[in-house]
Amino acid sequence: MLEPQQQRSRDTVDRLLAATVKALDQDGLEGAVVPKIAALAGVAPASIYRRFPDKDALLREAFLQMLRSSNTGNREHLHTMLLRDTLEGSAAQLMELLFAQYRRHPRLMRALMRFLESEGASEFANEVRLHIAENIEQVVEVLQAFREEVRHRFPRRALQFAVLSAAGAIESFALEPVSLWQTVLPMSDRQFQAEQARSFVAYLRKP
């Protein structure tokens with residue numbers, strides 16, 4: 001058991017990480033400044049530097065904590081949230097879940113992508129990608145319920161490809177205000193989700 005002083009310090013770190021994610025969600029990477037994070041956490045700015053060497057270190061830990069929490073939640077609830085009676089139903093639900101993630105938290109998701117790009121091949125970037133890969137694999141595991149309907153020689157690889165393709169397309173459509181999607185094929189969110197679900201199922205069922 002942690003000593004009271006250790007527990008208070010741990011509680012402060014937890015508040016700082018939650019406040020950092022909240023600041024990123026509200027104002028993006030540029031708006032997640034130390035005074036705002038400290039205010040949201042209810043601590044003095046100096047308290048941050050007693051626990052993290054700089055703001056980037058705080059951001060790294062906040063992003064990792066967010067991804068760990070997401071994966072934990074998915075392990076507990078993804079089956080119920082995603083699986084439907086048919087492949088078509090599950091594909092439509094997957095597109096809705098992916099889209100909701102980006103539409104509800106656009107600044108947070110953009111912040112993660114931009115920060116990840118700036119990190120290159122760092123240990124942090126590799127860990128982030130492993131967490132995202134785990135998330136993808138959890139989706140694939142649920143969709144294995146339709147394995148017999150997948151006409152690809154390697155059903156699991158086909159599911160991985162389909163999920164990654166859909167996630168990448170939705171990320172581009174939802175986070176980029178001006179992308180080729182909007183230029184070449186403008187459509188509503190609902191239309192885009194429907195087309196992605198249709199494409200997803202067609203690919204998996206193609207002999």
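Arginine 75 counts as exposed, at 52% relative accessibility, where exposed means over 50% relative accessible area, buried under 20%, and partly exposed in between (1.4 Å probe, protein chains only). The model is predicted: local features need pLDDT of at least 70, side-chain atom pairs count only at pLDDT 80 or more, and totals for chains, interfaces and linings use all residues. Residues are numbered from 1 along each chain as its sequence is written, and side-chain values use heavy atoms, with hydrogens and water left out.

Arginine 75 forms a salt bridge with glutamate 134, the closest N and O atoms being 2.4 Å apart; the term denotes a side-chain nitrogen of Lys or Arg within 4 Å of a carboxyl oxygen of Asp or Glu. Because glutamate 134 lies in helix H7 and arginine 75 in helix H4, the pair ties together parts that are 59 residues apart in sequence. Helices are DSSP runs (H or I, at least four residues), numbered from the N terminus. Glutamate 134 is partly exposed, at 29% relative accessibility.

A search of the whole structure finds 13 salt bridges. Among them, arginine 103 pairs with aspartate 189, with 2.9 Å between the closest N and O atoms. Arginine 103 belongs to helix H5 and aspartate 189 to helix H10 (residues 189-205), so this pair ties together parts that are 86 residues apart in sequence. Glutamate 141 also forms a salt bridge with arginine 156, the closest N and O atoms being 2.6 Å apart. That pair links glutamate 141 in helix H7 to arginine 156 in helix H8, 15 residues apart.

The largest pocket has a volume of about 870 Å³. On a 1 Å grid over the protein atoms alone, a pocket is an open set of points where a 1.4 Å probe fits, with protein on both sides within 12 Å along at least five of seven lines; lining residues have an atom within 4 Å of a point. Of the 31 lining residues, the closest to the centre are Ser70, Asn74, Gln101, Met109 and Asn135. Helix H4 gives the most to this lining, with 10 residues. The lining divides into 21 nonpolar, eight polar and two charged residues.

Alanine 38 has its place in helix H2 (residues 34-41). Alanine 38 counts as buried, with a relative accessible area of 1%. Leucine 180, by contrast, lies in helix H9 (residues 180-184) and counts as exposed at 66% relative accessibility.

How values were computed:
Grid points are joined across faces, edges and corners, and a volume is the space filled by probe spheres set on the points. Helices (H or I, at least four residues) and strands (E, at least two) are DSSP runs, numbered from the N terminus. Ala, Val, Leu, Ile, Met, Phe, Trp, Tyr, Cys and Pro count as nonpolar, Asp, Glu, Lys and Arg as charged, and the others, Gly among them, as polar.
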